Amino acid sequence: MATLLARNAALLATFGPDKREIRDGGLFIRDGVIEAVGPTAELPETAERVIDLRGHVVLPGLINTHHHLYQSLTRVVPAAQDALLFDWLKTLYPLWGRLTPSALKTATKTGIAELLLSGCTTTSDHLYLFPNGTRLDDSIEAALETGIRFHATRGSMSIGESEGGLPPDFLVEEEADILRDCQRVVESYHDPADYARIQVALAPCSPFSVSRDLMRETAVMARSYGVRLHTHLAENAQDIVYSEETFGQRPGAYAEELGWVGEDVWHAHCVQLDEGEIQLFARTGTAVAHCPCSNMRLGSGIAPLRRMLDSGIAVGLGVDGSASNDGADLLGEARQAMLLQRVREGAAGMSAREALSIATRGGARALGRKDLGALAPGMAGDFAAFSTETAVMAGAGSDPLAALVFCGPHRARYTVVGGDVLVDQGEITSVDLPQLLSDHRAAAADILRDEAR
């Protein structure tokens with residue numbers, strides 16, 4: 001049986017219900033599952049792989065609840081740099097229409113490599129356009145090669161510009177085809193078991209790109225298979241205006257009418273939720289993927305995160321697309337989540353530990369994973385370790401855990417998924433990163449061939 005022992009950590013934070021922070025701590029993993037956590041002296045002395053974590057802070061693997069991995073191919077496109085959401089989308093849709101299966105696989109692996117280097121062990125990916133023969137299978141196959149835990153969401157767009165939607169007509173699909181493929185990918189790939197590496201959710205892109213019928217039918221299908229539901233909701237002021245003018249109601253009421261609230265639903269962004277919608281989410285157990293960097297980048301506003309948390313809503317962090325954030329750093333998101341709430345609520349608006357809890361336990365709740373997000377016996381063997389012996393951590397010895405949020409940027413020294421060491425002493429082990437980046441440059445150049453200046 002495969003075993004891994006991590007020991008001698010300067011500090012290990014469990015983020016479990018007991019909120020233990022263990023000096024000179026460690027953990028023992030057998031067959032991908034944590035068997036013991038505690039002071040080094042109380043752990044087994046040997047294992048097939050032993051990692052000495054002197055001078056490191058250890059925490060559960062970070063969880064990314066919202067991403068569009070393909071978008072790493074279209075970062076900082078000049079015409080989209082200063083646009084609000086709708087204009088940003090309209091600028092980039094034609095470029096994304098050039099996506100190919102090979103480019104999708106390359107972008108997915110590259111984006112995951114960036115996430116792993118930030119200490120992320122589980123990521124969701126919202127793929128909602130399928131030009132040129134691309135399929136969700138392409139991103140799943142790429143993710144499997146990296147070793148990360150992957151929540152693949154089968155997105156969709158069915159209402160193009162000619163019918164009042166936002167996307168161009170050539171990027172939308174027939175709704176019957178969408179539903180057939182949703183059924184296919186769930187039956188082919190979804191693993192409902194604890195410790196699953198691959199799970200599938202169903203995820204129409206947004207209320208402004210799909211019909212009422214598709215939203216409703218997707219929810220019915222998802223619940224018949226016991227898989228989760230995901231979409232964008234209440235992202236910015238334009239989104240609210242569109243909902244009120246098109247549907248005659250705010251996004252929260254629209255979602256409730258169509259069956260898009262409940263413990264099996266998580267919505268991305270939710271920047272513009274009002275008090276009634278916050279209470280609706282709290283009452284129904286609906287979760288939120290909070291994307292602070294993207295929300296700032298697109299000028300969408302500051303989400304009412306403090307109110308969501310105080311109301312009991314499960315909130316996880318999301319880096320969002322690499323073309324609306326231009327980075328994929330989970331600790332960076334935790335830092336911005338904390339700082340934005342301090343701008344909104346005052347200096348006590350959010351603590352560093354609360355931000356880290358959102359990045360770990362909160363993300364697990366949002367994705368419906370009871371086996372992730374904490375370091376405890378029986379939980380998945382996923383953790384990240386960060387060195388305290390770096391320039392950005394200098395002088396932070398009084399509270400190295402908080403320093404992961406207050407200081408930075410950080411790069412994970414070790415990222416472990418199910419006992420597999422995917423970042424080892426700061427280097428990716430599961431992909432040939434130089435070759436991957438070379439392939440990514442070529443794919444991006446092809447998609448951006450008319451954008452060079």
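Me: Is tyrosine 93 buried or exposed?

Reply: Start with the cut-offs: buried means under 20% relative accessible area, exposed over 50%, and partly exposed in between, with a 1.4 Å probe and protein chains only. Tyrosine 93 has 1% relative accessibility, so this residue counts as buried. Tryptophan 96 is buried too, with a relative accessible area of 1%. Keep in mind that this is a predicted model: local features need pLDDT of at least 70, side-chain atom pairs count only at pLDDT 80 or more, and totals for chains, interfaces and linings use all residues. Residues are numbered from 1 along each chain as its sequence is written, and side-chain values use heavy atoms, with hydrogens and water left out.

Me: How many aromatic pairs does a search of the whole structure find?

Reply: First, the general idea. A pair of aromatic rings is described by the distance of the centres and the angle of the planes. Rings of Phe, Tyr and Trp (its six-membered ring) pair if their centres lie within 6.5 Å; planes under 30 degrees apart are stacked, over 60 edge-to-face, and the rest tilted. Here the search finds eight aromatic pairs. In one of them, the ring centres of tyrosine 93 and tryptophan 96 are 6.0 Å apart and the planes stand at 85 degrees, so the pair is edge-to-face.

Me: Where do tyrosine 93 and tryptophan 96 lie?

Reply: Helices (H or I, at least four residues) and strands (E, at least two) are DSSP runs, numbered from the N terminus. Both residues belong to helix α1 (residues 85-96). They are three residues apart, so about one helical turn separates them.

Me: What kind of pair do phenylalanine 208 and tyrosine 242 form?

Reply: An edge-to-face one, at 6.2 Å centre to centre with 80 degrees between the planes. Phenylalanine 208 sits in the loop between β9 (198-204) and α5 (212-225), and tyrosine 242 in helix α6 (residues 237-247), so the pair ties together parts that are 34 residues apart in sequence. Phenylalanine 208 and tyrosine 242 are both buried.

Me: Which residue lies over the face of phenylalanine 130?

Reply: The rule: a charge sits over a ring if NZ of Lys or CZ of Arg is within 6 Å of the ring centre and within 35 degrees of the ring normal. Arginine 154 takes that place, 4.2 Å from the ring centre of phenylalanine 130.

Me: How many helices and strands does the protein have?

Reply: There are 14 helices and 17 strands. The radius of gyration (taken over C-alpha atoms) is 21 Å, close to the 22 Å that the globule rule gives for 453 residues, so the protein is as compact as a globular protein of that length. That rule is 2.2 Å times the number of residues to the power 0.38. Of the 453 residues, 61% count as buried.

Me: Which domains does the assignment give?

Reply: Domain bounds come from an automatic or database domain assignment. Here it gives domain 1 (3-59 + 373-426) and domain 2 (62-367). Their C-alpha centres lie 29 Å apart. Contact means heavy atoms within 4.5 Å. By that rule, 32 residues of domain 1 are in contact with 29 residues of domain 2.

Me: Which residues does arginine 306 touch?

Reply: Leaving out residues up to four places away in sequence, arginine 306 touches Gln341, Glu345, Gly349, Met350 and Glu354. Arginine 306 lies in helix α10 (residues 305-310). Its relative accessible area is 15%, so arginine 306 is buried.

Me: Where does glycine 327 lie?

Reply: In the loop between β13 (315-317) and α11 (330-345). Glycine 327 counts as buried, at 15% relative accessibility. Its contacts, residues up to four places away in sequence not counted, are Arg75, Glu114, Val319 and Ser322.

Me: What should I look for in the backbone?

Reply: Most residues other than glycine have a negative phi, and most peptide bonds are trans. Aspartate 24, not a glycine, has a positive phi of about 50 degrees. Aspartate 24 is in strand β2 (residues 21-30) and is partly exposed, with a relative accessible area of 39%. Asparagine 132 also has a positive phi, near 55 degrees, and lies in the loop between β7 (120-127) and α3 (136-146).

Me: Which residues does a cis peptide bond join?

Reply: Glycine 408 and proline 409, with omega about 10 degrees. Proline 409 is in the loop between α13 (400-406) and β15 (414-417).
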